[in-house]
Amino acid sequence: ISNKNVVVSTGYIVLKNDNKTDKRFIKWLLHQFDVSFMKTLGAGVRQTLNYTDVKNSYFPVLPKEEQTTIANFLDYKTEKINRFIKKKKQLIKVLNEQKYAITNQAVTKGLDPNVSMKNSGIEWLGNVPEHWEVKKLKYVANCFPSNVDKHSLEDEKEVRLCNYTDVYKNDFITNNMELMIATAKDDQIEKFALKKGDVIITKDSETADDIANPALVIENLENVICGYHLSIMRPYSKLKGEYLLRALQCKPINVQFELCSNGVTRVGLGVADMKKAQIPLPPIEEQNNISNFIQSELDTIDKTISTIEKEITLVEEYKTALIAETVTGKIDVRDFKLPQVATQLAMVAEESSNYKNRN
C-alpha cells in the first residue's frame, strides 16, 4: 500500500482502489491470490505477470463495510503474530551469541575456572592458563591453498570436489554430502585429497569480516579433494583438528585473518598470513575435553533453536491459513470489534497449536 504519491518503474503493476473498496482488504486478498493463483500466470524466463492477466482475474465482491472489518481483523491478528515471530527470532539471535561466547571462553580460557593464569604476551588474547602454549599456526599445522577449479577435462580423473559453499555452510565435511563432480590431475589428487582431521577454511570472501570460515573433515572420505578458494590446514601431532575448528571459530583468533586479508572487490588470505596467525595451545587431552564440551553445549543450544524455528514455521503457516480463510469467507469475522487492550502473545501460540491439531 502506498500512502504517498510516487513514480514506479515498468517492473510494477499499480492497482488503484475506488470508493467501493478498502485498499487494506485488497492487500490481504492479494496475499492469498498471489500464493494460490497469480504465481501460475507468469510467463517467460523472469516469470513476467501481465496486467491483462490481473485485470481479467475474478475476485470476490463484498460490501465495503465488510471489507474494512476483515482488514481490521487481519491487521490486528497479523500484528500479534508478527510480534510473536520477532520475539522468537530475537531469542534465536541471543542463543547464537551464547554459542560464540561458549566457544570463545573455552578456547581462550579453558574449562577450569580455578586454574592459574599467565599473560599470553598477546594483547588481543590476554591471560591464558599457565600450562598452555601460544603457537603460530605454521608450527602446529601444514597450511596450503588449493588450485583445483570446477572444470571437467577428458584427460583427468573424476573426483568429488569440496567447494566454497560446502565449507561456508557446514561445520563438518562428511562422506554423505552431495559434492560436485569435477576432474583433477594425479598430482592435484595426491596433494589436495582431504583426510580425516583436516580443517578447511575459506581463503577468499567479499568482505574481510567474513573470511576464514572453517569446516572439519570428521571421517575418511572417498575420492574427495579440496576445491579452489579454499585452504587446507592439516594439524601436526600437537594439535587436534576438532580443537583447531573451534579455535578458528573463536572471534579473537579469527580476527587475525580479517586484519591480514587484502583486496578491493574481493579480499583474499595469503599463505604467509595464514601461517603466522597465533592460537592458544593446550595439551592434547585438554584439547579433546574442550572440543567435547563445546560440541555438547552447542548441540543443546541447536536443539533449542530447532524447536523455536519449528514454532516460527508453525505460526507462519497459521498466519497464511488465517489470511486465506478470512479473505475467502471461511472464517466469519463480521462481528469482530477491535479490542481496547491487546491480548497476550501467548494466544498466538495457542491459536497456532489449535491450527496444527486441526490439520
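Good morning. In this predicted model, I begin with the largest nonpolar core, which has 35 residues; those that touch the most other members are Leu137, Ile201, Met233, Leu239, Leu244 and Phe257. Several elements each supply at least two residues of this core: the helices α3, α4 (137-140), α7 (241-248), α8 (251-260) and α10 (284-327), together with the strands β4 (141-145), β8 (199-202) and β15 (278-281). The largest share, five residues, is that of α7. There is also a second, separate core of 27 residues, and among its members are Ala71, Ile305, Val315 and Leu322.

Is arginine 246 buried or exposed? Its relative accessibility is 3%, so arginine 246 counts as buried, the limit for that class being under 20%. The side chain of arginine 246 makes a polar contact, at 2.5 Å, with the side chain of glutamine 295. Beyond neighbours within four places in sequence, the contacts of arginine 246 include Thr103, Val107, Asp171 and Phe172, as well as Ile294, Gln295 and Leu298.

My next residue is leucine 111, in the loop that runs between α3 (64-109) and β1 (117-119). Leucine 111 counts as partly exposed because its relative accessibility is 37%. Apart from neighbours within four places in sequence, leucine 111 is in contact with Ala106, Asn289, Ile290 and Phe293. Between the C-alpha atoms of leucine 111 and glutamine 256, the separation is 24 Å; along the chain, these two residues are 145 residues apart.

Alanine 212, in the loop between β9 (204-205) and β10 (214-217), has a phi near 65 degrees, a positive value in a residue other than glycine. Asparagine 223, in the loop between β10 and β11 (224-226), likewise has a positive phi, near 60 degrees. As for accessibility, alanine 212 counts as buried because its value is 1%, whereas asparagine 223, at 41%, counts as partly exposed.

Which residues make the nonpolar surface patch of about 400 Å²? They are Val6, Val8, Tyr12 and Val14. Of these, valine 6 is placed in the segment before α1 (23-36). Thank you for your attention.

Key
Residues numbered from 1 in each chain as written. Predicted model: local features only at pLDDT ≥ 70, side-chain atom pairs only at ≥ 80, totals over all residues. Heavy atoms only, no water. Patch = residues over 30% accessible without salt bridge, like charges linked within 9 Å, V, L, I, M, F, W, Y side chains within 5 Å. Areas by Shrake-Rupley, 256 points an atom, 1.4 Å probe, with all protein chains shown as cover. Salt bridge = Lys/Arg side-chain N within 4 Å of Asp/Glu carboxyl O. Helix = DSSP H or I, 4+ residues; strand = E, 2+ residues; numbered from the N terminus. Buried < 20%, exposed > 50% of the residue type's maximum accessible area, 1.4 Å probe, protein only. Contact = heavy atoms within 4.5 Å. Core = buried A, V, L, I, M, F, W, Y, C linked by side-chain atoms within 4.5 Å. Polar contact = N/O pair within 3.5 Å; in protein donor to acceptor, adjacent residues only side chain to side chain.
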